[in-house]
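Dear colleague,

I am passing on a structure for you to look through, and my notes on it follow below.

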Amino acid sequence: MRFWRFTRSFFLAEIREFEVVFWSIVFPLLLYVFLSAVLGGNGKAGGMSFNLGVVRNSTSAVGTMAISKTLDAVTGSEGPFVATPFASLEEALEQMKSGKQDVVAELGGELIPSSQSFPVRLHSISGKESSQVATNILELVFDKANLEVARLSDHGFKGIVIDTQAVAGSASSRSVDYKDYLFPSVALMMMLSVALLNSPLSLGFYRSSGTNRKIFTTPLRPLEFFAAHLVKLLITMLISLTLLYAMAWFIYGVRDGIFGLGFFLTLLLGMLSLISIGLVIAAIASKESSVMVIGQICYQIMMFMGGFFFPVMDLPWSVKWLVYLVPTTYLVELLRRGMGIQTMEMATIWLVTVPLAWMLISAGVFSLNFRKVMGHA
Amino acid sequence: MRRSPFISLVVASFRESMRNKGEIFFILFFPLLFVFIFGNLQRDNDNYRKTWLGFCQSAGADVADVISQSGAWELKRYDTPAAIRAAIQKGDIRLGLSYDGNRARYFYKEGDLATQSKLRLARLSITAALERHSNQVRPLLTISRHQTSAGKMKASGLDYTLAGIISIGILSVGLMSVVTMFGRYRKSGVLNQLRMAPLKPVSFVMGITLSRMVLSVFSLLIILGCSLLFLRASFEVDWLLLFITLISSTLGMMALGLLLVLIFRNPETANTTAAILMFGMHFLAGIFFPTAMLPDYMKAISTLLPLKYVATLVRHSLGIELIAPHLFILLSSCLALGGILMLWLAGRKLLGAEARI
């Protein structure tokens, strides 16, 4: 009974801290909303908008018609481009260099003798992502326009029939949405925040402030204190995950596999392995500032190198060894496989073994330093 | 000879920062972590590699060259569609194409987000190339791409990313260090003691500012050094402009930090608000994503963020993307003046006669 009373007070003291609520619960949800809004379009142009500078050189009626129809298709209400006409190329390029245009299309002009075609020159800024993306889209559009002209003018035009077949899919056989891809990442982010930052900071604070010493003069034993700390962490994680589930289910329509037994067991494995790593941080860092530094480094590396937001298996080996080292790579892949998504060529046994190994080794290291962490030495 | 109070304050403030592990980490090494992660990621993106595409053709003239020349694909031949499926299942390839002269059947590894976007590209570009070839289409429009530079040299994606991280470093020094430092002083009662000391508010704020500037220079040199030496960034640095950018941007970011200190009396609240602002700016200021990819309401928010303008100044100073001289002067002046104004106000509010004890 005293254990649960103590756990309750412990939990309430923690949850009343604005930083704990914000970083463990609110921030991952905000990130989910933001990244889904920006990257959740599934490659569709909807939502993206590029500034297109248009320079028309005088050309034949046929060329003008083809170009105009193509431009109308991409600059209308549904198109991703906002077109601005320019009288000269120099003016348009100056505007592009100053950032007002993402791409400049120089359309029409003298017929190219060798191919008897009209030139379309697409000017972009080297290295600038928005300019390169806009140019890629425009190139595909004009390429397609060529085929459309040929299809309309040649009655014998033979189109190619396209179909697609998924391989090694799940029974649901559906395409992957970025919101589904992101769901396990956000779940793990919530756990990382609690395990790598809240937990060691809390343990460090109670030790350095002498609170532990005072508590251990009462009948409460260090093991009970520690157990209450663990339960507090698990409750915080469960609250965060419940809110995430509610958002994913009701707002984003994330469905497949997230209520499966395997998925829940993986979440539990994630909680335990990440909490263990946080306990090691508490064991090796004596001051709160050191805890913050080590915790932040681990948090950032596990988040970015773990494949949370973008595929990481094609990274160069200068950083790829980190991908294989961090347990979050395996945890997020295991969760995604529970949803029918696969991003790594790795047997499932390894996806379970590596986080388990992290958990056991970390628990071992912490148990050797238990008395020091509890301030009960 | 006794040091002036001002110099003593600068030295004390600097030493105090250097002893604070958390502050040093966030100011000096946190941006380095981003350089390491995003620098390597962007370097990989810039070194373009073709995607493997499993291919088999059962009828018609061989179109392997047509597909290869469409640009993005490295072909791996298989005898039958079943062999392609088996290779995808095994993980040897993620995308395949079977062509019989009339039908193009694409095979793809299901459940892989990266493969889905490649599949969309394949369906568009390869099918177009095959239709052009089979109908002997003479294109009406010949498309050519021309890359130009917005700065002194042809920048790469890596250069843009690293410039963004330098801006984040300046933000970190200006905003976070001011908020944490003043928060610390308020909580420990140092501000009250300083009020009673024979110290002019202007000396105090100038001393703090100078120590932040020194840290800002260290941060910039470390990030710049790592970018040039290890990641082979191709900056053409105008040191004078970079120095002006550093001073004005640090002042501007300090202004933001001081605003939070004045609004929020509770240091933890000011700290959390600063961290929220910092993360918000990371994502919305066009550092990691082009603003063109943002929804309209986020684009509107991004125009209000000072980090966006700091990044503009940094890119200009590194020769990546030049802006008009009057715009450089305007942006630098606004950031600097904003900083000086807030420093004066903070000095009066925190240490002046009207400061509450």
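A:Leu261, A:Leu265, A:Leu268 and A:Leu272 make a nonpolar surface patch of about 380 Å², where a patch joins nonpolar side chains (Val, Leu, Ile, Met, Phe, Trp, Tyr) within 5 Å, from residues with over 30% relative accessible area and no salt bridge. This is a predicted model, in which local features need pLDDT of at least 70 and side-chain atom pairs count only at pLDDT 80 or more, whereas totals for chains, interfaces and linings use all residues. Residues are numbered from 1 along each chain as its sequence is written, chains are lettered from A and ligands numbered from 1 in the order in which they are written, and side-chain values use heavy atoms, with hydrogens and water left out.

Chain B and chain A bury about 8400 Å² between them, 62% of it on carbon and sulfur atoms; buried area is the accessible area (1.4 Å probe) that two parts lose on being put together, summed over both. Of the area that chain B buries against chain A, B:Glu110, B:Leu140 and B:Arg145 supply 10%, more than any other three residues.

B:Arg145 also has a side-chain polar contact of 2.7 Å with A:Asn136 (a pair of N or O atoms within 3.5 Å; within protein, one must be able to donate a hydrogen and the other to accept it, and residues adjacent in sequence count only if both atoms are side-chain atoms). A:Asn136 counts as partly exposed because its relative accessibility is 38%, between the limits of under 20% for buried and over 50% for exposed (1.4 Å probe, protein chains only).

Between chain B and chain A there are six salt bridges, each a side-chain nitrogen of Lys or Arg within 4 Å of a carboxyl oxygen of Asp or Glu. B:Arg103 forms a salt bridge with A:Asp163, with the closest N and O atoms 2.6 Å apart.

Best wishes

Terms used. Patches are made of residues with over 30% relative accessible area and no salt bridge: like charges are joined within 9 Å, nonpolar side chains (Val, Leu, Ile, Met, Phe, Trp, Tyr) within 5 Å. Accessible areas come from the Shrake-Rupley method with a 1.4 Å probe; for residues, only the protein chains shown count as cover.
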